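Please view the sequence and the structure before reading on.

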Amino acid sequence: MNGAATLAYVQAAAALLELPLDAERAARVAGHLARTAALAAQLQAFALDDETEPVALYCPAPFPSAPVTPR
């Protein structure tokens, strides 16, 4: 992610949402967003198959719903 583009995006989003955001804070937000995007890209690039990461382990069946008692 391009640093200048990220900063421009943060500033534009703040302006669109009418949020006060000074230049120093915008730079910090852009840096945080760039680090988060870099981590997300690393996770996305790491492919796991069903044997390595079984779906049932991370997506267990939902809890049965509790019975509703009328009042």
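Q: Which residues form a nonpolar patch on the surface, and how much accessible area do they have together?
A: The model is a predicted one. In it, Leu16, Leu17 and Leu19 make up a nonpolar patch on the surface. Together, the accessible area of these residues is about 360 Å².

Q: Does Leu16 count as buried or exposed?
A: Leu16 is part of helix 1, which covers residues 3-16. A residue counts as exposed when its relative accessible area is over 50%. The relative accessibility of Leu16 is 71%, so Leu16 counts as exposed.

Q: Does Thr6 count as buried or exposed?
A: Thr6 also lies in helix 1. The cut-off for buried is under 20% relative accessible area. Thr6 has 3% relative accessibility and therefore counts as buried.

Q: How far from the backbone oxygen of Asn2 is a polar atom of the side chain of Thr6?
A: Thr6 belongs to helix 1. A polar atom of its side chain and the backbone oxygen of Asn2 are separated by 2.8 Å.

Q: In what order do the elements of the protein run from the N terminus on?
A: The protein has zero strands and three helices. From the N terminus, the order of its elements is α-α-α.

Q: What share of the accessible surface of the protein belongs to carbon and sulfur atoms?
A: Of the 71 residues, 7% count as buried. The accessible surface of the protein is about 6500 Å². The share of that surface belonging to carbon and sulfur atoms is 64%.

Notes
Residues numbered from 1 in each chain as written. Predicted model: local features only at pLDDT ≥ 70, side-chain atom pairs only at ≥ 80, totals over all residues. Heavy atoms only, no water. Patch = residues over 30% accessible without salt bridge, like charges linked within 9 Å, V, L, I, M, F, W, Y side chains within 5 Å. Areas by Shrake-Rupley, 256 points an atom, 1.4 Å probe, with all protein chains shown as cover. Salt bridge = Lys/Arg side-chain N within 4 Å of Asp/Glu carboxyl O. Helix = DSSP H or I, 4+ residues; strand = E, 2+ residues; numbered from the N terminus. Buried < 20%, exposed > 50% of the residue type's maximum accessible area, 1.4 Å probe, protein only. Polar contact = N/O pair within 3.5 Å; in protein donor to acceptor, adjacent residues only side chain to side chain.
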